[in-house]
Structure formats: structure tokens, C-alpha cells
Amino acid sequence: MAESLETAAINSLKGVGPALTDKLVRVGLHNLRDVLFHLPLRYEDRTRLTPIGAAQPGQHVVIEGKVIACDIAFGKRRSLLAYVQDDTGTIAMRFFHFSKQQQAGLKNATRLRCFGEVRRGAAGLELYHPEYSQDTQTPLDQHLTPVYPVTEGLSQGRVRSLVSQVLAMMDAGKLLTDIPLGSSGFLRMDINQALRLLHCPTPNMAMDELRSGTHPAQQRLAFEELLAHQTSMRLVREELGRLQAYAFAPPGATCASLQASLAFTLTGAQQRVLAEIATDLGRPQPMLRLVQGDVGSGKTVVAALAATQSMENQLQTAIMAPTELLAEQHYQNFSQWLVPLGIQVAWLSGKVKGKQRQAELEAIKSGRAGVVVGTHALFQKEVIFDALGLVIIDEQHKFGVLQRLALREKGERQGRMPHQLVMTATPIPRTLTMSLYADMDCSVIDELPPGRTPVTTSVLPDSRRAEVVARVAAACEQGAQAYWVCTLIEESEVLECQAAEATAAALTAQLPQLRVRLIHGRMAADEKTAIMAAFKAGQADLLVATTVIEVGVDVPNASLMVIENPERLGLAQLHQLRGRIGRGTNKSFCLLLYHPPLGFVSKQRLNVMRESNDGFYIAEQDLLIRGPGEMFGQRQSGSLQFRIADLLRDQHMLDQVSRTSRALLDEDRSAAMTIMQRWLTMPEAFSQV
Ligand code: ADP
Ligand code: MG
């Protein structure tokens, strides 16, 4: 009985035939539970009449009055204006799209009830395209009106009718499984009650709480989502603890040779983190360790040393990066370091095809390749390792917990799992690390290699562009190299690339004495690699780029970066970008060329960039100013995005989340599974726990 809402298919509802089922499934509504979790985007208050004289711009109001005039207005755009009056004042309804019938209907109407947003317009206060009706007898709504997310072919009315059918089933006693752990703190409210309230608010529900997501019903759901997330990570961890791994012998002669061959000595922080890693690798259980380190802190060489240790134990290492560009760089670095030590490095990405691919796959399978560097391509079925001992994932926020599980499966051999090392340059405020990475041990490389001079950052309006161009010219003429970064316009990669093309053309014309090159995400992988190689080799002075160069690109001679419209990017992303300079011995400068006017928050954020080069500090400030949803930015979100929970807003829950998660796993595994299934997409293997 209790299970039926969790699993009953969507087409068991009245009026849902094959065509509608298709539509619903496409927006992720597969079963009745999904309908319940399809929550309103917002609420409208249609419970009270507002006297017209009291209506304020920006408010959504219900008004009632008589139509005193109805005319077509010829302004910039032709529109229909109908004036409605009550005892307290007059307001205009304005329609840009209207029919003859509508015009006639309004002319003849006596009393109207209207709902809409009040704006200031040419005719005084106006309602644009309000909903209206001549029926002023029906009582006003008793409670707030939910407004659902809808798509083409799926109307508000349809969603409301599906929801009310499922709510009726709840009334008839079909309920979702609740967290079976008493009812204190955030669990005071039952899940069923919380969902009912959110779909069907009571008259006294506070609109401002609902808007900010702090209503107890929303908090109950946020709590459960965080709980599901933490519990899944705990399970992964627990499962790993039960699994076997190869216990590595401590770092030996080859690791020592690699260290000796480096042009630098490791920092104290690098050595400490390596020791933490070596301790984990020496255990017969799989390591699961996150290494956080600011941009430029030297994570790559730490990874290379771990890979070398794996090789000393006759085991292979897979290194996975989220982009082709970054993977390619790792491939070059690892080859340069490891090949002289007699370690063969294989390379696998989507662009490796045909004979070369066969050869790489063969080297991986036979075990000749000690280290394999690649992109997502490493997940593919045809990639078979001889003896995988270590998996290294760079820039983890682009992969989730579930992918980590999938890759782990690849390595299973004679009941042994590979160790896992995850590296990220997106610093996470310490308060949040636990809830995001409860499944991992954390190491922090909290020291930059010596001799780095911090990047000096200036914030300039784009009216000073000519000055900036002159500055680029002067720097490049003295032998420096520079980046000019064009940022994302309206989330469109195509537009971003077009902007970069136009900028490159303009700069080429303005600076004929410089060698200007262009790189963007829509170029072929080969072309990108060739351009990066040329820039690295000093064959170009100015590289106009999109945010493709965000991670990993390492050209120590580049010491100047211009970022256009930095206000469009998250601070984490700006920090990543800026990390491309300040890598060599030259003093480096970053110019943030914003487009005025800047809002208060944007100003604050750019000031943080000017004040600090410390990724942890920047992440903390970003969190304070904007909140975590935005901190990681849509494009970087990966596993950090929640459906309802908001880490900043809901931080105060984390203690109880953590306690509940432990208790749930101890006391009721099947309830734990049900709750995880509600909130996470599970891979096959996981749902069998
Ligand atoms: P990130 O942590 O951002 O991945 P990298 O591993 O790319 O940083 O390192 C940045 C640069 O610093 C590289 O050129 C690397 O060779 C160099 N580097 C790493 N460790 C040290 C060190 N201890 N001393 C000097 N340079 C170092
Ligand atoms: Mg790196």
C-alpha cells in the first residue's frame, strides 16, 4: 500500500493517455511520486481584494471595479486600454495582443474582477495582460494559488488536475514512506503533510516564507534532500570500507627519481598531502581522498607521484579530466615526467580514433601502458585495464558521486578495487566540505610554490577599453604574453564564440604589430591543441579566448589577462581564469573590464577579486554575497546542485542531517533506499545495496 505512490505509473491517472504520458515522461514525471515532487515555482495571492487606490507598483493584486472606458491607444505599439474604477481609484488594463471580440467584450462589460501585476505606465498605474473575468460572484480563493513549472503542451490547468488526483489518493490513505525516526527538529512535519501544504497552501501560510524557501514544509523537503545526498555518500563509503584494494608498498626508487628530476622541490604542503595519500595507498581498503588546492598550488605533480607509486606496485593508473584541453595538458605533463622513467603513458579521448585507438586500447589491456590519461572516454566499455590500481579524477565538480561509482566498477579485479584520488581547484568553504564530500577524506594543499608574485587585479569600466588595448600592446612588445577572455553571453556557447571571433578580428586590426590568435570551444580538438601549443611555445603574443581556458592551461610566460564582462561570471570561475597567469616569474596583471552600470552585489564581488588571490577566501566571500547555488555557477554545478536544498540557507540543518543519516543507515536500510531513490538518480549497481 505504502509503495504504490512511490512507483505507480503516471498513466494510472485519469485522462493520461499515451500522448500525454510521453510529454510527462519527457519532463521527468514518470510516476505518482514525481507528480507530488513537481512543486510550484511560486505562489500567487488571490485571497484578498485590493482597493484600486491602494495598489502599488510591483504588487500582484486582485481588483474589482466597473469599466469606465475602453479604447485603442496608438503609442510605440498599438494596444488596447480599458480603465477600471472602484470607490478608491482608477487603474488601466493594457493589452498588446487582443481581438475584436475581446475589445467588444470589455466595452460592454460592467463589473470586472482582474488579477495581475501593477506597473507604472503611460496611463498611470497599469496591469499588463491581466487575467480578468466578469464573474464577480464566485468567492475569492481561500488559499495561495500555486504556479507550476509548465512546458509546451502541458498547461497549468493540466498540472493542477494531475496534482489534485494524487492528493485525493493521499486523502484515501495512500502515503509516501516517511523517515521513520521520530519527529523532532526538521522532521516535525511528515513528508506527506509537507507536500500537501506546498501544493495546497492553507490561508495562513506566509508568502514571504514560501518565497525564500524557509517555510517549515519546504525546510522539511530540503532536509530530506540533503539527507538523501549524505546517506548515499555514507553508503558508498561504507561499501568501500568493506571492499579490498591492493595495499601499495611505500614510495620507492622511481618516485625518488621523479622528484630528483623536477626543476623544483616540493612545497611543504605538497609533501604533507603526498604522505597522506601514501598512507591511504598502503591500506588494503580503497582510498577515497579529495585533494583541494588553489589554482597553481601544484596538484598535477602530486598526482604524478601517486601514479608513479602505483606503477612501482605493478599497477596501472587512470587519470581523467573533464575537458579535452585539460586532458591533453595532463598527457603532455605526465609523458614529460614519466616516460624518462620508463613508464608508458597512453592517451584516450573522443578524438583518438581508428588505428591509434586500437593501439592505445591494446596497450591499456596488455598492461604495457602504466598510466592512461583521458576524458570521459575512459568510462567506455571497450576500455579494459590489465590491473588498475589508482584512479585520479581532476576537477571533480564536473563529475558526480555516481560517476565515481561507475569508474570504480571498471577497476574491479579479483575482488579488488582501485584507489581513488579526486582533485579540485574549486575551493569549498570548510563549513560545507563535509556535507558535499561526506564520502571522502580531504587533503588541502594550502601553500603556493615559492616565488609566485600575487596577480594584481584592477576593475575598469569598458569605456576605458582603448587604454587597456594600449596596455596589452606595451606588455607584449616587451615580450610578455597575454590572454583576452570573452565571457559567456546569455548562456550560449555559439554567441560566446562569435563574440570571441569578433574581438579577435578587432584586436588584430588594432594591433598589427602583435601575433593575435583565437581559441574557442567550437573549434576542432586538434586545432585547439595546436593553438595552445603555439601559444605555449611563444609563437603568439595575444590569445583571444572564451572560457575554454578556464581550467588547467599552464603557460608560465603569460602575465596579463583581460576579462571582458567579468560581472557575468561566478567568482570561482573568475578565480580559475585568473589562475592562468601569475605562474611565472613576471609580475602579472588581471584587468576586469566590466560593462556599466554595475549593481551593488556585482561591485562587491569584483572588489573581492581585486582584494584577494586566495581561492578559499574568495569562495567564502562568494558564498556570503551570493549563496552556493550561484557560487558554482550553472555551468560548473555538477554534483553540487540540489533541487530544493540550498546549502547557504540550509546550513543550520547539517548537524541534524548528519545524525539522521547515520541513524537511518543503522535502523532502516529499506527506508534509506526509498528516500535516496526519491532524490537521486541511481546507477544499476547501487540500487542493489
Ligand atoms: P594546479 O594545482 O592548478 O593543477 P599545476 O599542477 O598545474 O597547478 O602547477 C602549476 C605550475 O607550478 C606548474 O608549472 C608546475 O610545474 C609548477 N609547480 C608545481 N609544484 C611546484 C613547486 N613545488 N615549486 C615550483 N613550481 C611548482
Ligand atoms: Mg590542475
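Domain bounds here come from an automatic or database domain assignment.

**Figure 1. The second largest pocket lies between two domains, so look for it where both contribute.** Domain 3 (264-445) and domain 4 (455-612) both give residues to its lining, so the second largest pocket lies between them. This is a predicted model, in which local features need pLDDT of at least 70, side-chain atom pairs count only at pLDDT 80 or more, and totals for chains, interfaces and linings use all residues. Residues are numbered from 1 along each chain as its sequence is written.

**Figure 2. Meet the residues around the second largest pocket.** A pocket is found on a 1 Å grid over the protein atoms alone: an open set of points where a 1.4 Å probe fits, with protein on both sides within 12 Å along at least five of seven lines; lining residues have an atom within 4 Å of a point. Of 38 lining residues, G298, T300, R452, D554 and R583 are closest to the centre of this pocket.

**Figure 3. The largest pocket also sits between domains.** Domain 1 (10-43 + 144-212) and domain 2 (48-133) both give residues to its lining, so the largest pocket lies between them. Its lining has 37 residues, with L39, P40, L41, R42 and Y43 nearest the centre.

**Figure 4. How confident is the predictor, and where is the pLDDT below 50?** The predictor's confidence in each residue is its pLDDT, from 0 to 100. The protein chain has a mean of 86, and 91% of its residues reach 70 or more. Over residues 627-639 the pLDDT is below 50, yet beyond near neighbours in sequence this stretch has 35 contacts (heavy atoms within 4.5 Å) in the model.

Conventions. Chains are lettered from A and ligands numbered from 1 in the order in which they are written. Side-chain values use heavy atoms; hydrogens and water are left out.
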